[in-house]
Amino acid sequence: MHTYGMPTAVKPRNRRRTGGLPLLHQRRRSSVAITSSVTMAAALRGSLVTLVKGLSGPRWQQLASRPLSVSAALCGPEAPPARADATFKVTMVPGDGVGPELMTAVKEVFKAGDVPVEFEEFHLSEVQNMASDEKLEQVLTSMKTNKVAMKGKIHTPMEFKGELASYEMRLRRKLDLFANVVHVNSLPGYSTRHNNLDLVIIREQTEGEYSSLEHESVTGVIECLKIITRDKSRRIAKFAFDYATKKGRSKVTAVHKANIMKLGDGLFLQSCAEIAQLYPKIKYETIIIDNCCMQLVQNPYQFDVLVMPNLYGNIIDNLAAGLVGGAGVVPGESYSAEYAVFETGARHPFAQAVGRNIANPTAMLLSAANMLRHLNLEYHSQMVSDAVKRVIKQGKVRTGDLGGYATSDEFTRAVIANLAV
Amino acid sequence: MHTYGMPTAVKPRNRRRTGGLPLLHQRRRSSVAITSSVTMAAALRGSLVTLVKGLSGPRWQQLASRPLSVSAALCGPEAPPARADATFKVTMVPGDGVGPELMTAVKEVFKAGDVPVEFEEFHLSEVQNMASDEKLEQVLTSMKTNKVAMKGKIHTPMEFKGELASYEMRLRRKLDLFANVVHVNSLPGYSTRHNNLDLVIIREQTEGEYSSLEHESVTGVIECLKIITRDKSRRIAKFAFDYATKKGRSKVTAVHKANIMKLGDGLFLQSCAEIAQLYPKIKYETIIIDNCCMQLVQNPYQFDVLVMPNLYGNIIDNLAAGLVGGAGVVPGESYSAEYAVFETGARHPFAQAVGRNIANPTAMLLSAANMLRHLNLEYHSQMVSDAVKRVIKQGKVRTRDLGGYSTTGDFVRAVVENLRHQPVN
C-alpha cells in the first residue's frame, strides 16, 4: 500500500477486505488526520513542519481518518455513504491527439474488469478551439471535488495566440501540481537496448523555464525568464526524498547545470543538499545535465531516483522513455498537496496517429492501474497491470511502436481477455 | 578540400603540391579576396551580403587570396615567407583535468609524424587560480595572431566567486566563436548499442541560456535570463546550411522548445525557416527537444545535421557522444568568422582521471587531425586519423572507457607505431 507522506505509525492495521471498496466516509475526514500526523511529523522532522503540512497527500484523507484509538474492525460505518452506488468519481480530460482513443481503451478495460470507478469527462482542447476560461473553471471544480483525475495531453499550439501560458500549464498552476513522477520500468518480455531498468524521475513542474515570462525588449532580441525559488526547490526535494523513503529507494540524484547558471541552479542544488541532510539513510548525489544524458545512454543502471527542475525533467523524461520503449509504455503522474493526476510519462499528443488506431494504450493503462492503487483499489489495480504485462510478455499482440502489427483495439481486447484469467 | 563559405567558382585550380605546406604569403591577403568573393556571393545570395561578409572563413585568406585572373602556377612567391622554418603556429590551451595529458598525447603524435605545427602553450585555469584578465588577454592576442587553436576544457568552478561568466565563456564571446560543430561518428571496430552513426551537431554557443545574466530579485527567488536574438539565430542557421551544403548533407533539423518558449525559440525557428528557403536542395525539419532526445535514443539514424541554441546543444552533444562511446571519442570544433578552435566534442575536465593515465586521447587526436585538415595539411591529417582508427579497429590497445585496460601512454605509443606504417606517396 502506498501512503505518500504518512508516517508509518498511522498505517491502519485491520483493513477490512471489502473487495476493494473502501468506506466512503473515510474520504471526507481530513482535518483530524492532518493534525495528528503533523504533530508526529513535527517531532520527526523538526523545523519543516510547514512543508510537511503543505505536503499532506490525498491518501491521508482516505486512510488516516480513523481516530488512532479505535480499531477499524470494531466500528461500523460512522456515517451513511455519500452515494449509494459506492463508486469513485474520477475526472477525465481526454485531451488532444490520441488522448481520446487511449481513454476509450481505459474505459473499456475498466468496464470489463468491473472496476468501481466512474469518469466525469471534460473535453478541453486548445488546438480544437474547445477551450475557454469557463471550461477551465469547470474542469478545476470537478477536479477539486474528485481529487483524482486522468488526463491526456492538452496540446499547446506553436503559434503565439496572445497568451503565453498554455492551458495545460495553467491547469497545473491552479491546482499547484508541483511534482511530476515518471516510472521508467522495462517491460518484461520486451527487450530494448537497455533492459531491466528501474528509474524514477521526479520533476518540478510549476516553475523553472516554463515561467511563460518572455518579452521582446529590443527589436530582434527576446528575453525568456527562468525562475527558481527556494521554497519550490525545497518542496520538490522533500517530495523526492519522501518518495524515495516510502518506496525503499537508496539514492537520489539531483540534476542541474549549476556551473553555468550559478545562482539559479545553484539555489536548486543548495535546497536539495539542505533537505538531503534530513534523510541520512538515502544517498544524495548531484550530476550535471549533460553528463547525466551521456550516462543515461551509456550506463543508466547507476541511477535510482532523479530530481530536477522543469526543463531538464522534460528532457530526461523523454530520454528515459526512449530507453525502455518509447512514449507508449511509460506511465506518469502529477501530484499536488491535495490532488493527483494520472497521465502518460512522456506527454505527446501524437497527432499523426489520430484515427489510425495505432496508438499504444500501455502507458495509459499502467497509469490507470496506478490510479486504482492510489484509490486503494489494490485488487483491481493489480488485475489491470498484470493483464497488460501478460499481454506484452506473450508478445503475440503488440502495437506498431513495439514492433508489432496490432491495432489499439486488438491490444485492448487482448488485455480484456487476460483480465478474466 | 574544405573551404567554408567560399563559392565554388573561386576554388584554385592549379594548386602546387608543396608537400602540404601552403604558400605563407597567401595567409596575409585578406582584403582583396573578401571583396571579390563577396561580390560574387552577393550575386548569388541577394540580400544576405552582410551575413556572408561576416562569415568569411579563415580559409578565404589562405586560398582565395590570389586574384582570379592570375593562375597560381604562373606566379612566383609574391612576398618572401614571414618565417624561415615554414611551420604553422597554433595556440594551445591545455585547460584543466585531463587536458594537459591529452595535449601531451597530441604533441607526441605530431612529433613522431613530423607534422609542421608548432604549439604556443598557455596555461589558463580558473580552478587552479592561474587565471586573470592579463592572462586571458595574452591568450586572445595569441589566438588572434595564429587564428587556429587547440583547447582543453577550462573548468568552471561551481561556487559563485563574484563573476557569473566563466573564463571559457568569456573567451568564446571575445573571439565570437558562435558555432560549435561536433562530429558524431561511430568508430569502426568498436560497437556500441548504436552502430554506423554519422551525425553533425551544430550549436549556437554565444547566447541562449548561457547569458550569465542572473539576479536575485526577491529573496529566495532567482531569475535567469535566456536571450535569443534574430541576428545570431540567422547566423547559426546560415552556418548550418552552408556546412550541410559543403559536406554534401541532405537534411538539417532544428531543435527547439517553441511550444513552451513561444517567443524565444519561436524566433529561433523563424530565423531557421527564413534561411532554409535559400537552400532548396537541403531538406529542413524541426523537432521539439524532448521528442528529439527520445528519437536519438530509439532511432538516431533519422537525423543528419542538427542545429540548435545553446543549452539544447550542450545536452544533445553529450547524449550523442554517449551513443557512440562517450566523451573520449568525439571530436568537435568551434568556429567564428575568423578563428577556429579545435577541442573535444563533449567538454568535461574529467578531474577524477588526472594523474592516473587512463584518459582516452582519441577525441583529442581526431580533433587534431581535423585541425590539420583545416590548415590544409591533408596528408598529415589523414595520417593521424588513419593511425588512430587503425588502433581502435585492431582492438588490442583500448583505454578503459572503451572496455580495455591500456593506459593513455600505451594508446599513444600504439598510434605512433601505426603512424610509421603509412606507405610513402
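**Notebook: helix pairs, interface and salt bridges**

I started with a helix pair in chain B. The axes of helix α11 (residues 362-374) of chain B and helix α12 (residues 378-394) of chain B come within 7 Å. They cross at roughly 160°. I note that the model is a predicted one. Angles over 145 degrees count as roughly antiparallel, so α11(B) and α12(B) are roughly antiparallel to each other. I then checked the handedness: α11(B) passes α12(B) in a left-handed crossing.

Next I listed who touches whom. From α11(B), the contact residues are B:T362, B:L365, B:L366, B:A369, B:L372 and B:R373. On the α12(B) side I found B:E378, B:H380, B:S381, B:Q382, B:V384, B:S385, B:V388, B:K389 and B:I392. I sorted the residues of this α11(B)–α12(B) contact by class: seven are nonpolar, five polar and three charged.

**Second pair**

I moved to helix α4 (residues 99-112) of chain B and helix α13 (residues 408-420) of chain B. Their axes are 9 Å apart, and the packing angle is about 20°. Angles under 35 degrees count as roughly parallel, so I logged α4(B) and α13(B) as roughly parallel to each other. The crossing of α4(B) and α13(B) is right-handed.

For the contact, I read off B:E101, B:A105, B:E108, B:V109 and B:A112 in α4(B). They meet B:T408, B:V412, B:V415, B:V416 and B:L419 in α13(B). The class count for α4(B) with α13(B) is seven nonpolar, one polar and two charged residues.

**Chain A against chain B**

I turned to the interface. I counted 56 residues of chain A in contact with 55 residues of chain B. The two chains bury about 5,300 Å² between them. Carbon and sulfur atoms carry 66% of that area. Which residues of chain A lose the most area to chain B? I found A:R193, A:K262 and A:L263. Together they make up 14% of what the chain A side buries.

How many salt bridges are there between chain A and chain B? The count is zero.

**Salt bridges overall**

I widened the search to the whole structure and got 43 salt bridges over all chains. I looked up one in chain A. A:E121 forms a salt bridge with A:K107. Their closest N and O atoms are 2.2 Å apart. I placed A:E121 in strand β2 (residues 117-121) of chain A and A:K107 in helix α4 (residues 99-112) of chain A, so the pair ties together parts that are 14 residues apart in sequence.

Note on methods: Residues numbered from 1 in each chain as written. Chains lettered and ligands numbered in written order. Predicted model: local features only at pLDDT ≥ 70, side-chain atom pairs only at ≥ 80, totals over all residues. Heavy atoms only, no water. Axes fitted to C-alpha atoms, helices over the stretch in contact; angles between N-to-C directions. Helix = DSSP H or I, 4+ residues; strand = E, 2+ residues; numbered from the N terminus. Parallel < 35°, antiparallel > 145°, perpendicular 65-115°, else oblique. Left-handed = near helix turned anticlockwise from the far one by under 90°. Contact = heavy atoms within 4.5 Å. Nonpolar A, V, L, I, M, F, W, Y, C, P; charged D, E, K, R; others polar. Buried area = accessible area lost by both parts, 1.4 Å probe. Salt bridge = Lys/Arg side-chain N within 4 Å of Asp/Glu carboxyl O.
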